[in-house]
Amino acid sequence: MSTPSPALAALSGAPIGRMHRRVLLTVSAMFLFDLADLNTFAYAAPAIRAAHLFTVHDVAVVTAMSFAGMAVGAVLGGRAADLLGRRVGMSAAVLIFSAASLLNAVVSTPGLMAAARALTGFGLGAMTAVAISYLSEVTPATHRGRFQAVALGVGLVGIPLVAFSARAITVSHPTAWRWLFVAGALGFLLLPLVWRLPESPRWLLSRGRTEEAEETVRRFVPEFRPGAAQPHKEVPAAEQLLPPKARFADLFAPGQRRNSLVMMVVWIFALTGFYGFASWVPTLLAERGQDFAKSMTMSAITTIGAVPGAFLAAPFIDRFSRKHLSVVLGLLVAVVGISYGLSTSTAAIVVFGVLVAALSQSYIAVLYSYTPEYFPTALRTAGSGLGNGAGRAANIVAPLIIAAIYTSPGLGYVGVFAFVAGAWLIAALTVAFFGLDTRDAALEELHARPAQEEPVPTQAAHTADVR
């Protein structure tokens, strides 16, 4: 084990200050545009179907292409941010999804819409992978989960904004759906804010840029002085030494392989369950016989539960094990999800819909906090992107499966929500049996622990422990 780094000790144990709040505000604003844009097509789809005669299959294909873009964006954007820096990665992602949102507003055929949504998804996937890693790296250990939950909660305000905007704009004028995408292009306004953020000190240290890292730590902890004794908790850190260059393949090296595979499985099934519900509720309610205005109103009301859901996690996410929280929340979402599918009254549909939205967002807040903790600094955004990308890639196929289930005799509407509940159950059980307990540990401590799987050869262990 190497000499503890005073800079990372100070960063991990710092009190919350002005720079932490600026980071939280900026990342929250990024998530606001991200989640609004991500859900725009779901709430515009009924109007697009009415105005341009899209079929359920067309909606499935466009949705699938959006997830294809997110999968590629998460993996490539995450890897690029490990090589070029977190700030560059976030700036590029915001630029891409904002420009692509504007492109969505000027197309109206299934093929062009699918291409535009794929490009939008690329930017959204990259942004999520980099932002959750960046926030985890610059936030004190005792506040990592809370900051992720607050950022997500603020971001989730974008979903009801889109839902109610779609309800107000498209019910009387279906062709007005284009304005929903024009609003997404306002993400361009975030670029100056993102560029003013400090680079992650952990990333700088992982690249051997020690002096820059120490100066950046002072922006978060003004009383920090390089070389001075710090009153904060010491953590193992080799960041002041230039490590071997981390390769993407190191995510599957002995000592890291299990963590990568667990995160991939969890993201695959959690996002299949999450988007299986969120992306399809407006269309399925309309297809089931609800009139257009009523289905849009019910869908919009359901989204209200998402915002308090993320904030609900904030008081608990740093107090209890993220492993245990994710298991409990995953099981609860599975139960209320199947209850939603079995409900027939308007009141029951709304109640269970709000519960699904709330509990699933509490789960996502935990997952956003949990994922970066599974990977060392030199592979953190690549690892987060790998898990995120695997989940998005699964949702290339999942909409097609959902469409097939819905149109199959004997399955239909209830069958869709049984499928959604099953996905949440698998995600919960994966964490229950194979997940790590990361509560209150500095990021460096997590990757200085002995490997969780087979004995690690010296060279592989050194590569996997790059921070």
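Which residue has its charged end over the ring of Trp195, and how far is that end from the ring centre?

Tutor: The residue is Arg87: its charged end lies over the ring of Trp195, at 4.5 Å from the ring centre. A charge counts as over a ring when NZ of Lys or CZ of Arg is within 6 Å of the ring centre and within 35 degrees of the ring normal.

Residues are numbered from 1 along each chain as its sequence is written, and side-chain values use heavy atoms, with hydrogens and water left out.

The protein chain has an average pLDDT of 82, and 84% of its residues score at least 70. Residues 229-242 stay under 50 in pLDDT; the model gives them 52 contacts (heavy atoms within 4.5 Å) beyond four places in sequence. Residues 449-467 also stay under 50, with 43 contacts beyond four places in sequence. Where pLDDT is low, the predicted coordinates should not be read in detail.

The chain holds 21 helices and 0 strands; helices (H or I, at least four residues) and strands (E, at least two) are DSSP runs, numbered from the N terminus. Of its 467 residues, 59% are buried, where buried means under 20% relative accessible area, exposed over 50% and partly exposed in between, with a 1.4 Å probe and protein chains only. The chain exposes about 16,800 Å², and carbon and sulfur atoms supply 69% of that area; areas come from the Shrake-Rupley method with a 1.4 Å probe, and for residues only the protein chains shown count as cover. Of the contacts between residues at least 6 apart in sequence, 85% join residues at least 24 apart.

Next, the pairs between rings. Rings of Phe, Tyr and Trp (its six-membered ring) pair if their centres lie within 6.5 Å; planes under 30 degrees apart count as stacked, over 60 as edge-to-face and the rest as tilted. By this rule there are 6 aromatic pairs. In one of them, Trp267 and Tyr368 are stacked, with 6.2 Å between centres and 20 degrees between planes. This pair links distant parts of the chain: Trp267 belongs to helix α12 (residues 257-278) and Tyr368 to helix α17 (residues 346-370), 101 residues apart. Trp267 is buried, because its relative accessible area is 0%, and Tyr368 also counts as buried, at 5%. Phe316 and Phe320 are stacked too, at 6.3 Å centre to centre with 25 degrees between the planes. Here Phe316 is partly exposed at 37% relative accessibility, and Phe320 is partly exposed at 39%. Ring pairs also join Phe31, Trp267 and Tyr368 into a cluster.

Thr26 is buried, because its relative accessible area is 4%; leaving out residues up to four places away in sequence, Thr26 touches Leu193, Val194 and Leu197. Ser28 is likewise buried, with a relative accessible area of 4%. Beyond four places in sequence, Ser28 touches Val150, Ala151, Val154 and Gly155. The C-alpha atoms of Ser28 and Gly155 are 5.6 Å apart, although 127 residues separate them along the chain.

Helix α18 (residues 380-407) includes Ala394, which is partly exposed at 22% relative accessible area. Apart from neighbours within four places in sequence, Ala394 is in contact with Ile268 and Thr272. Ala394 and Leu271 are 123 residues apart in sequence, and their C-alpha atoms are 8.1 Å apart in space.

Two further helices can be described by burial. In helix α1 (residues 6-13), 6 of the 8 residues are buried, so α1 is largely enclosed by the rest of the structure. The buried residues there are Ala7, Leu8, Ala9, Ala10, Leu11 and Ser12. In α7, the buried residues are Gly158, Ile159, Pro160, Val162, Ala163, Ala166 and Thr170. The 13 residues of α7 (residues 158-170) should span 18 Å at 1.5 Å a residue, and the end C-alpha atoms are 17 Å apart, which agrees; the expected span is 1.5 Å times one less than the number of residues.

Note on methods
Predicted model: local features only at pLDDT ≥ 70, side-chain atom pairs only at ≥ 80, totals over all residues. pLDDT = per-residue confidence, 0-100.
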